[in-house]
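Here are some exercises to work through with the sequence and the model side by side. Try each task before you read its solution.

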Amino acid sequence: MSTTDAETAAAAVLEASGVSKVFGGLVAVEEVSFGIPERSIVAIIGPNGAGKTTFFNMLTGLYKPSSGQITFQGKDITARRPDRITKAGIARTFQNIRLFKTMTAVENVMVGEHARMKAGLFGSILRPPRVRREEREVRERAREILSYVGLTDDVMDTVAANLSYGDQRRVEIARALASEPSLLLLDEPTAGMNPQESASLTSFMRRLRDERGLAILLIEHDMKVVMGVSERVTVFDHGQKIAEGEPTEVRENPRVIEAYLGKQG
Amino acid sequence: MSAIRQRAGGLPGGLGRHRDAVAAVVLLTAAAVLPLFYSSASGFIDDAITALAFVVMALGLNVVVGFAGLLDLGYVAFYAIGAYTVGWFGSSFFNALNGGQGVHIGVASGTANLPGFHLNFLLVLVLAAAFCAAGGAVIGIPTLRLRGDYIAIVTLAFGEIIRLIAVNGDEIKIGSYMLTQGRQGITPVDKPNLPLLGQFTSLDLRPWYWTVLVLVAIVLFVNFRLRDSRLGRAWIAVREDEVAAASMGVPLVRTKLLAYSTGAAFGGMAGAFLASYQNTVNADQFEFSFSIFVLAMVILGGLGSIWGVVLGAITLSFINTNLIPDELAPRARDVFGEGFDLTELSFGIFGFLLVIMMVLRPQGLLPERRRQAELTEGLATDEAVYDARA
């Protein structure tokens, strides 16, 4: 066990050590240490309320950890502002889709490119050639990313609220990709999808890793997706990491079975 | 639904933007020749100047409330700061300055011998914008961690603080100088002296009119440019979902403060203009009701809708300066007797108008498509609906 930990630490794109989050008296996440190797797909599973999303929110800066340290590509990003973390190269999607509903698909993705753009207040007002060029490039790139995630041309200028559920999920991933992350966090990406859609998302995740060299961390309930796509699985229960390893070994782990099915007589 | 889809599709640099540019040129040109048909000191031009100054204010507030969705109930503070910039840098208020000789930069010979600070009006405008931009950031900082109604309360308090400082400024001494003249007011203040237009007087109102029209053109331009920009998208994102916006790389503090500062700068410019036009800077002008008045213009026209806000500002301003005192008040006197002064009920009338609007057309006279979608299709988060109603 200790050797595998050391190995992941060596090539980890993200490393959390002893991270805790306490809300009032409630310990939501307790002393979790965790690493994501480069170009890998890692899943976090666990029952509802196990602290998975809280952990996610600490990685992306929405919550400040009560203790512990998070490093990303060798830099300490503990309790940094969310926009800084995004700029550093971590992007995310949300469990319940949080698109900007009145913006079109393209505009949503353009917001995702915000951190990569330079136009400031006066640049936006005076719109010199370099700002015009930037606007045009960002718009074109947004369309490219949208077609990469499989959105058809005819709905790219549709306001997000009018998109189908599947397309909304796609736009959310496109928006996250727009910041050119090296780590992508997906919070229950297949929620509400049918088996075919889940399967195509699974293969899309592999494509992202292989073509774009991304590391992906996902929270997922669908075991078929988890077992099919992830190289490593981490199991949370009551805010603690109770197991970690390859999908098959985790599945056999008695503590995991207990967490999911309750204690067997 | 399909209408929204089509219009959304037309946005990127296409038809929508061209139509706005053409409309702006046509309307501004028409507005520029309008005073030639009236006598140079007519009541109409007087009312129009006030209305245009309110257009500048309302479009400034539109950046804060309409674009960024930050409810600001203390906008009068920037009217005050802008006005006092004229009071300080364009009058004999600091009369002992430079041994009673005064300091003069770019002013006409008539004012060049007066004691106190006398800067050219353009410089005063720039200073007013700069002071208010800084003031906007100051009011912004404490509101950053707040949402919705709490922002409203803090901004309201800020407006009141500035007003109370203005009212009691004659007791606040900096060296041998008072900060303000309190309720007495700083008067007279310098009238602008600008290239092409020469020395402004109270007999020929046209130069005033054209000056404020240029300010309107500038604030219109800034509104349009910002709406379709990186910053404009960031404001919409923050308005719709702060958490998602921050997670997409939008820095919340910077983005919000830029909205406050931009809006405040225009409030300051309009304030400086009005102070010079009215020839006085009096602490009693900076009432809370003024903030509500400007906010009502934005809401009446349509939050975030640039043309809507222009229409709302002109409509309410004319109701206030023309319709109520000149048309309705005499009739009300006939009905209710000599002692009845309808102008004292002005704000009651505006309140009533707003209530009617909220019932019949909550999206405003010329709604912005996003707000329209939020209100009519239930796209909004609770908070956005709240803002739209406030």
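**Exercise 1.** Find which residues of chain A belong to domain 1 and which to domain 2.

*Solution.* Domain 1 takes in 1-89 + 181-212 + 222-265, and domain 2 covers 99-180; such bounds come from an automatic or database domain assignment. This is a predicted model, in which local features need pLDDT of at least 70 and side-chain atom pairs count only at pLDDT 80 or more, while totals for chains, interfaces and linings use all residues. Residues are numbered from 1 along each chain as its sequence is written, with chains lettered from A and ligands numbered from 1 in the order in which they are written.

**Exercise 2.** Describe how domain 1 of chain A touches domain 2 of chain A.

*Solution.* Start with the contacts (C-beta atoms, placed from the backbone, within 7 Å): eight residues of domain 1 of chain A meet seven of domain 2 of chain A. Next, look for the main contributor on the domain 1 side: helix α3 (residues 82-88) of chain A gives the most, three residues. Helices here are DSSP runs of H or I, at least four residues, numbered from the N terminus.

**Exercise 3.** Work out which element gives the largest share of the side of chain B that touches chain A.

*Solution.* First, 32 residues of chain B are in contact with 34 residues of chain A. Of that chain B side, α8(B) supplies the largest share, seven residues. Finally, check the cover of helix α8 (residues 230-240) of chain B: 11 of its 11 residues are buried (20 or more other C-beta atoms within 10 Å of their own, with C-beta atoms placed from the backbone). Among them are W235(B) and I236(B).

Note on methods: Contact = placed C-beta atoms within 7 Å. Helix = DSSP H or I, 4+ residues; strand = E, 2+ residues; numbered from the N terminus. Buried ≥ 20, exposed ≤ 12 C-beta atoms within 10 Å, placed from the backbone.
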